Amino acid sequence: MKSNILLAFISVLYWTQSAQAGCHEAGLCCPGRNADCVVQSYPLNFIPDDPSDDDRCYCDEHCMQLNDCCYDYRQACKAKPCIVGNFTEWSACSSPCGVGVMTRTRTVVQQSGNGGEKCPHLTERRGCMGFVCSDRTKAVVREVGLLLPAKYGRAREYDPEADINRNIKDHYGHRNLYDTEKSSYCLTFEIVRANKYCNASFDLWTKPLTALGTQVCVECQPYAMLADEGRRCKGEGAAGAETRWKATNVPRCSGRWIQQEKNENCKCAESGLPSFIIV
């Protein structure tokens, strides 16, 4: 009899301690959603008679949304808000001539955890205007780069000796407009603005132009070069200057970009970036 009473007392004591188990006792505090981050009062091999009598609780961040946290989750796994530092000073204008962008950044001092407040944006931008312009640069930054997908560039490549009809047209109708000695060159731009009409287009070739911050490669091929301006393409912009671009066959699809780099004697197909040609 005494032994039965003792066993019953031990059993009640065990279940009382188990029922009080929580995140602190289990040493659990898990980020995100984690089904393994669980505290279970029943022994591992115990199967309750009533499936609804499930005495499990969780210590992951997602338990706050499902309302199945352990009783001490808020104390044991206190929410940690994201803490950020102060913004840096504004950078210099990205364009020495014409419209540009100034940026400032801040860093994360403490990452958020246990459902704490997420980090705010770390970068801010604002417009600016550069006034260090030569007469030529002033004219260049007002130009608009007219774009087509790079695949259409192959249609403009030809051998003047093999294509007699085109050779005669260039020789007599457009003298010196095409320089067979001049190779294509590549320009790398960062997209800083694109209007809504580029997204509305069913033609997917404009999609890379809609993601701000994306770098694209634009090829200036010999047939598009201006003979009287040093064999360059109209709309190629100037280094560091914010200029305009327009998708040639997509109505009202246009935006702004900043020239990052210029490479002579290259093909955009080798760059690994979304590729276009100037027309």
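**Note on salt bridges and the barrel in a predicted model**

1. The side chains of Glu 124 and Arg 104 form a salt bridge, with N and O 2.8 Å apart. The two partners come from distant parts of the chain: Glu 124 is in strand 6 (residues 123–131) and Arg 104 in strand 4 (residues 97–105), 20 residues apart. A salt bridge here is a side-chain nitrogen of Lys or Arg within 4 Å of a carboxyl oxygen of Asp or Glu. Strands are DSSP runs of E with at least two residues, numbered from the N terminus.

2. This is a predicted model, in which local features need pLDDT of at least 70 and side-chain atom pairs count only at pLDDT 80 or more, while totals for chains, interfaces and linings use all residues. Residues are numbered from 1 along each chain as its sequence is written, and side-chain values use heavy atoms, with hydrogens and water left out.

3. How exposed are the partners of the pair in point 1? Glu 124 is partly exposed at a relative accessible area of 21%, and Arg 104 is partly exposed at 23%. The classes are buried (under 20% relative accessible area), exposed (over 50%) and partly exposed (in between), using a 1.4 Å probe and protein chains only.

4. By the salt-bridge rule the count comes to seven. One of them joins Arg 125 and Glu 190, whose closest N and O atoms are 3.4 Å apart. This pair also links distant parts of the chain, with Arg 125 in strand 6 and Glu 190 in strand 8 (residues 185–194), 65 residues apart. Glu 190 counts as buried because its relative accessibility is 17%.

5. Lys 262 and Glu 236 meet through their side chains in another salt bridge, at 3.5 Å from N to O. Lys 262 is in strand 13 (residues 254–263), and Glu 236 is in the loop between strand 11 (232–233) and strand 12 (242–247), 26 residues apart. Lys 262 is partly exposed at 38% relative accessibility, whereas Glu 236 is buried at 6%. Elsewhere, Arg 193, Glu 242 and Arg 256 are linked in a network of salt bridges.

6. Arg 106 deserves a separate check. Arg 106 lies in the loop between strand 4 and strand 5 (108–110). Arg 106 is buried but has no salt bridge, and the nearest side chain of opposite charge, Glu 124, is 5.6 Å away. For charge, Lys and Arg count as positive and Asp and Glu as negative; His and the chain ends are not counted. Which backbone oxygen does the side chain of Arg 106 reach? The backbone oxygen of His 121, at 2.9 Å. Beyond neighbours within four places in sequence, Arg 106 is in contact (heavy atoms within 4.5 Å) with residues including Val 84, Phe 87, Pro 120 and Leu 122.

7. Six strands close into a barrel in the order 7-12-13-8-9-14, with mixed pairing. Neighbouring strands of this sheet are turned by 45 degrees against each other on average, direction ignored; the axes are lines fitted to C-alpha atoms, and angles run from 0 to 180 degrees between N-to-C directions. Two strands pair if DSSP finds at least two bridges between them.

8. Strand 7 (residues 144–149) and strand 14 (residues 275–278) are antiparallel partners over three bridges, and Leu 147 stands opposite Ile 278 in strand 14. Strand 9 pairs with strand 14 in the parallel sense, also over three bridges, and here Cys 217 stands opposite Ser 275. Strand 8 runs antiparallel to strand 9, and six bridges join them. Cys 186 stands opposite Glu 219 in strand 9.

9. Is strand 9 largely enclosed or exposed? Five of the six residues of strand 9 (residues 215–220) are buried, so the strand is largely enclosed by the rest of the structure.

Key:
Helix = DSSP H or I, 4+ residues; strand = E, 2+ residues; numbered from the N terminus. Polar contact = N/O pair within 3.5 Å; in protein donor to acceptor, adjacent residues only side chain to side chain.
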